[in-house]
Amino acid sequence: MYCIVGLGNPGLKYENTRHNAGFLTIDYLANKFGIDVKKSKFKSLYGQGVISGQKVMLVKPQTYMNNSGEAVREIINFYKFDIDKLIVIYDDIDIEFGTIRIRKKGSAGTHNGMKSIIYQIQDDKFPRIKIAVGKKPEYMDLANFVLSGFTEKEAEVIREEIKLASDSIETMIESSIDMSMNKFNSVKLLEDN
């Protein structure tokens, strides 16, 4: 079974913010594959179904971003699945807007949700998909920026990035993470200015 975790914050006030790109991707996958993400356990909302012929669990931790690792640890302890079957989707302010980045493993960078996961499960060797959410303007502090919403134009790009992330997960499950990285890490949705 694959465990696909989208990071975000619960509650209406956070619903369409940059920090909730992971939740938005889980919602997209749930809708596309007819998976109800409504069960409540493991400090999460989750649902189980099938993507590309494989059993999957779609997860939205309800711990708030900075404690996402608590939910992920509970799921791993309960299901005992291989760490390479954990796929985490989250927002990234450091990659070019209009792109996604797939990595096999690595550090958390500046992302508190990822720091929490790596700390709680004591491992960083799991695939992750980063969704670009734009560059922080000079005048704004980071917390306010990631908790801000998208302009209409940005929202269009984010929807396309989420679609790419969903396609990349299908490719990962059908063939391999390498295939997924080769196919999707080079896609640019916006023209260079």
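Is Asn112 buried, partly exposed or exposed? At 36% relative accessibility, Asn112 counts as partly exposed, a class that lies between buried (under 20% relative accessible area) and exposed (over 50%), judged with a 1.4 Å probe and protein chains only.

The model is predicted, so local features need pLDDT of at least 70 and side-chain atom pairs count only at pLDDT 80 or more, while totals for chains, interfaces and linings use all residues. Residues are numbered from 1 along each chain as its sequence is written, and side-chain values use heavy atoms, with hydrogens and water left out.

Asn112 lies in helix α3 (residues 112-121), whereas Tyr64 lies in the loop between β4 (54-61) and α2 (68-79); helices (H or I, at least four residues) and strands (E, at least two) are DSSP runs, numbered from the N terminus. The UniProt annotation "binding site", from an unreviewed entry, covers Tyr14, Tyr64, Asn66 and Asn112, although such annotations may be inferred rather than shown by experiment.

Ala132, by comparison, lies in strand β7 (residues 128-132), and its C-alpha atom is separated by 6.0 Å from that of Asp91, 41 residues apart along the chain.

| Residue | Relative accessible area | Contacts beyond four places in sequence |
|---|---|---|
| Tyr64 | 43%, partly exposed | Gly8, Asn9, Pro10 and Tyr14 |
| Asn112 | 36%, partly exposed | Met65 and Asn66 |
| Ala132 | 0%, buried | Asp92, Ile95, Glu96, Phe97, Gly98, Thr99, Ile158 and Glu161 |

In this table, contact means heavy atoms within 4.5 Å.
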